[in-house]
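The sequence and structure are shown first.

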Amino acid sequence: GQTCVDPDNSTAGDWYCECEAPSKGTQVGAAKPEAECVLDECVEVCTHCADTGAGNVCDGVNQICEDRNTSAAARVDWVCRCRAPYGFLSKNGAAATCTVNECTEEFGTLGVRGDVCGDASQDCADPSVSVADDFMCVCPAPYVGSKTGSAANCSLNECHIPANNETCAAAGQMCQDGDVWTRNDWICTCPAPSSSWSVASAALCLTDECSIPAVAKVCSDAVPPQTCHDGDHQVDGDWVCGCNAPSVGSTRGAAGNCSLDECTATCATCAGSVCTDAAQTCHDPDDSVAGTNNWVCTCVLPLKGEGSVGKALCALDECDQHGTVCMSANQTCADPVKTPESTADWECHCLMPLSGSQRAMPAACTRDECGVFGAVCSSAGQTCVDSDTAPGALGSWECRCAPPAVEFAVGQVARDCTYLGDCFLVDVVTVCTAAGQACVDADETENGVWRCACIAPAMGTAADNAAADCALDECTANCATCAGTTCSDAGQACRDDDKNPVSGLDSWACTCQSPKAGSATGAAATCTLDECINNAGTCTVAGQTCFDADTSVLGDWECQCPLPATQTSTGSPALCSHDECGPNGKTCTDKAQDCVDPDHSLAALGNWYCECRTPETGVGAQGPASCEHNECGTYGAACTAAGQTCVDKDVAAEGTWWCQCGNNATLEAQGAVATCNVDECVSACATCAGMTCADADQTCSDPNAAPWSLGDWTCTCPPPTSAEPAIGAAGTCFYDECEGVTACSDAGQTCTDADWMVDGDW
């Protein structure tokens, strides 16, 4: 099928075989005469070639012509090959169809690329079969979302689910889905002014009524201005106006009645510790806000005294304790020095017309009738003398003539004041008569020679110009007033403690023999057995007093506690105690507090205190307490129900409780549930990202910072890399290097990157 050519007939051996058109090739020599003919059907012009001359078949459709076998015998083996990225498509002897449905057809060695959608349970769509890498994965309903070239991140606005939306609407609330990537996080939100919400259910709407301007204005316009506080956001009309420190008080639904107890509050005019430092109680008689600088320190019993706006000057009137001793003797008690340090100086004073006083016991009272009848004598120029001042000795006063006359008259004016000798001189005769003696004038003609002589049955030696030393023992003598056998007949002893013949008459007494006790003046005694005679030591060693109420009864003696204790015990020391809340309780109850005396023993006096009533807390030593109210005990449930923590920042004030977000949230709200957030990329928590993204050179993002949406953070690869979706972990970054390579397409070739995780392998 070749043509023989001899270019020079005069030369031997120069013939050759020549290929016939359109093939090309020439072979010279006899060894192999046939030519090696080649035919590139893509560049030659022939009837079966791609290049027809008039228009190239492949070029006309912007395809690449390839002749797989250029030997002259290989006819019509050329193909049109599609350009990248469809370089794997071609057609023999004609233009190729350069389309691929990436959802259903294999894309070269990559297989059916749309299978990645099916693997993710998503639908595949290829909007243009003539465009590569444009297939999309589409989320199935009710999810939304699509992504070109890979599986989509499907989102679901759960409020578009009718059942969810109807749950909120039925409660008059709005459905919201803040994070369409997270399931079961839709919420029902309450209408204004409530800010409450609930996840996946209708909310319990809480309204802070203090956020209503008209309500808040009631408190702020009060005098003095007050703070509005809504204790239970679920209850309407329970808001209160609370007084601001240092005043206290609150009123529901209206401006409060504020009070300022300067004993318990802290302010410029308040008492502070002035009273307690002095071991005194504090009392504020006017606890209105306007009534300032009027507090009073009061001494603690048995001390008495008050100090206005300062500590009291306390006094101890011992008559409060011992006054009954004087009263039992029909006398009055007086304490001349009432300082706390001055003790045992109280006195009993006789009542008029009697006179006399005695320290720490009843007085021996006397009655001088000259105080009443003295004017009778003085009007006659005479002197009044009461020879017997005993309380019952009435009518013993007498008028005495002025010296040297000695005349006198009892109960009246003396009639004759003529001098009749020394023994008629009043001053002389009085010396003897006052002693119950007789005046003897040894020489009536000589003035100044007289003596006093004892009068029988008194005995004694006469004394010149003075009273004799006379004695009358009524137990042994025989006289009208003497005892005789009265005592001995009763088996008792006679004792005459006052043997003065004048003042000691009728002073003898019969005394019972031991162990019985008892005595009687001028008569036989009624003997009793005072058991305290033998048992007093049992009481005194315990600091108590022995008392035998009925000396005719055995075994009834008792030990009595010292004041202020009032306990007694028969036959043994008493268990002494004193509840100080008895005399001091009103100090506490006046402030609506309770009085507590933890130790009633007498050794623990001064340890009573006032204690605040629930829900307030606080104690005050010997005075009203400064009460505190931790409002979280009352309102903390609102915070807890929202998964938040309640904190009362000022327990002394009302309306200072806060809800603080948990789960590493960063927000809080006063008197209401807080709106919280948790950015898991920057917070520290069990579900947070920490350094996961940064260690992988990736960027962290948290699409939903709501506190209930945890574990939804993602790591994003830096450009130009991409990443498989990774929630809560670092992504797997990859990069198709062919996206940035033009060398292959410029050479009419196809670029392939077999492993997108490896650099430099395209």
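How many disulfides does the count come to? The count comes to 39 disulfides. The model discussed here is a predicted one.

Cys263 lies in the loop between strand S15 (250-252) and helix H4 (274-277), whereas Cys282 belongs to strand S16 (residues 281-283), so the bond ties together parts that are 19 residues apart in sequence. Both ends count as buried: Cys263 has a relative accessibility of 9%, and Cys282 has a relative accessible area of 8%.

A disulfide also joins Cys532 to Cys546, where the sulfurs are 2.1 Å apart. Its S-S torsion is about -85°, so this disulfide is left-handed. Cys532 is located in helix H9 (residues 532-540) and Cys546 in strand S31 (residues 545-548); the pair therefore ties together parts that are 14 residues apart in sequence. Cys532 and Cys546 are both buried.

The disulfide between Cys267 and Cys270 has an S to S distance of 1.9 Å. The torsion about its S-S bond is about 95°, so the link is right-handed. Is Cys267 partly exposed or buried? Cys267 is partly exposed, its relative accessible area being 25%, while Cys270 counts as buried at 12% relative accessibility.

Cys4 counts as exposed, with 55% relative accessibility.

Cys744 is likewise in no disulfide; the nearest cysteine sulfur, that of Cys751, is 4.3 Å away. Cys744 counts as buried, at 13% relative accessibility.

## Aromatic pairs and charges over rings

A search of the whole structure finds 5 aromatic pairs. In the pair of Tyr86 and Phe88, the ring centres are 6.5 Å apart and the planes meet at 55°, so the arrangement is tilted. That class follows because planes under 30 degrees apart would count as stacked and those over 60 as edge-to-face. Tyr86 is buried, with a relative accessible area of 5%, whereas Phe88 counts as partly exposed at 32% relative accessibility.

Tyr86 and Phe88 form one aromatic cluster with Phe107. Over the ring of Phe107 sits the charged end of Arg113, 5.4 Å from the ring centre. Elsewhere, Lys649 lies over the face of Trp658, at 3.8 Å from the centre of the ring.

Arg183 is placed in the loop between strand S10 (174-176) and strand S11 (187-189). Its relative accessible area is 34%, and Arg183 is partly exposed.

Which residues does Arg183 touch, not counting those up to four places away in sequence? They are Tyr143, Cys154, Leu156 and Glu158. The C-alpha atoms of Arg183 and Ala200, which are 17 residues apart along the chain, are separated by 10.0 Å.

## Overall dimensions and content

The protein contains 13 helices and 43 strands. Its radius of gyration is 65 Å, whereas a compact globule of 762 residues would have one near 27 Å. Taken along the principal axes, the C-alpha atoms fill a box of roughly 235 × 55 × 50 Å.

Of the 762 residues in the protein, 37% are buried. Among contacts with a separation of 6 or more, residues 24 or more positions apart account for 25%. The accessible surface comes to about 39,900 Å², of which 53% belongs to carbon and sulfur atoms.

Conventions:
Residues are numbered from 1 along each chain as its sequence is written. This is a predicted model: local features need pLDDT of at least 70, side-chain atom pairs count only at pLDDT 80 or more; totals for chains, interfaces and linings use all residues. Side-chain values use heavy atoms; hydrogens and water are left out. Rings of Phe, Tyr and Trp (its six-membered ring) pair if their centres lie within 6.5 Å; planes under 30 degrees apart count as stacked, over 60 as edge-to-face and the rest as tilted. Buried means under 20% relative accessible area, exposed over 50%, partly exposed in between (1.4 Å probe, protein chains only). A charge sits over a ring if NZ of Lys or CZ of Arg is within 6 Å of the ring centre and within 35 degrees of the ring normal. A disulfide is a pair of cysteine sulfur atoms within 2.5 Å. Helices (H or I, at least four residues) and strands (E, at least two) are DSSP runs, numbered from the N terminus. The radius of gyration is taken over C-alpha atoms; the globule rule is 2.2 Å times the number of residues to the power 0.38. Contact means heavy atoms within 4.5 Å. Accessible areas come from the Shrake-Rupley method with a 1.4 Å probe; for residues, only the protein chains shown count as cover.
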